[in-house]
Amino acid sequence: MWITGLRGAGKSTIASLAEQKLLNAGKLAYRLDGDNLRLGLNPNLGFSAEDRAENVRRVGEVAKLFADAGVIAIVSLISPYRRGRHAVRATAPNDFVEVYVRVSLATAEQRDPKGLYKKARAGQLSKFTGVDDPYESPLKPELEIDTDQVPADQAANLILEYLQRRDSKGQV
């Protein structure tokens, strides 16, 4: 489960709720969060296009290992470029589920507890996704959730409902 969207869209919150709901339902699940992975797995990567691509590739490999072990990997990662997400999908085409957490830029900026959008707008951060670096929204995600309209708990429920439908068709 690859949850993508702008910073402040609600990816981590939704992923955390979905993980807890899956665990409560007796499923094996583990959340791979972009911020945490950059601290441990990928501390040597910056935010250039090349480093972002390598971050996505590494996280995709870790998620694939979890899936191979029968664990639902829930990745919450901005992953701003389609090419990187497509490359991860290509490594596990039957397991990859893309969830686009859509939010308006205005809402994302209002939700930003670290003040990173403000710093980017003031020129203190460069290559900031959504400000001076692009976010390429998915063209055909399996699920799209607008968090301007849908609260996080309901979004997590939508993910679980999608997985249940997919499981009932023998696709999980």
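Analyst: Leaving aside neighbours within four places in sequence, valine 99 is in contact (heavy atoms within 4.5 Å) with Met1, Trp2, Ile3, Thr4, Leu143, Ile145 and Ile159. The model is predicted: local features need pLDDT of at least 70 and side-chain atom pairs count only at pLDDT 80 or more, while totals for chains, interfaces and linings use all residues. Residues are numbered from 1 along each chain as its sequence is written, and side-chain values use heavy atoms, with hydrogens and water left out.

Val99 is among the residues with the most contacts inside the largest nonpolar core, which has 31 residues; Met1, Ile3, Ile74, Ile145 and Ile159 are the others. Such a core is a set of buried Ala, Val, Leu, Ile, Met, Phe, Trp, Tyr and Cys residues joined through side-chain atoms within 4.5 Å, buried meaning under 20% relative accessible area with a 1.4 Å probe, protein chains only. Helix H7 (152-168) is one of the elements that supply at least two residues of this core, and its six residues are the largest share. A second, separate core of eleven residues includes Trp2, Val56, Ala73 and Val75.

Five strands form an open, parallel sheet in the order S2-S3-S1-S4-S5; strands are DSSP E runs of at least two residues, and helices are H or I runs of at least four, numbered from the N terminus. Two strands pair if DSSP finds at least two bridges between them. Strands S2 (29-33) and S5 (143-146) each have a single partner strand, so one side of each is left without a neighbour in the sheet. Strand S1 (residues 2-4) pairs with S3 (residues 72-76) over two bridges, and Trp2 stands opposite Val75 in S3.

Note on methods
Buried means under 20% relative accessible area, exposed over 50%, partly exposed in between (1.4 Å probe, protein chains only).
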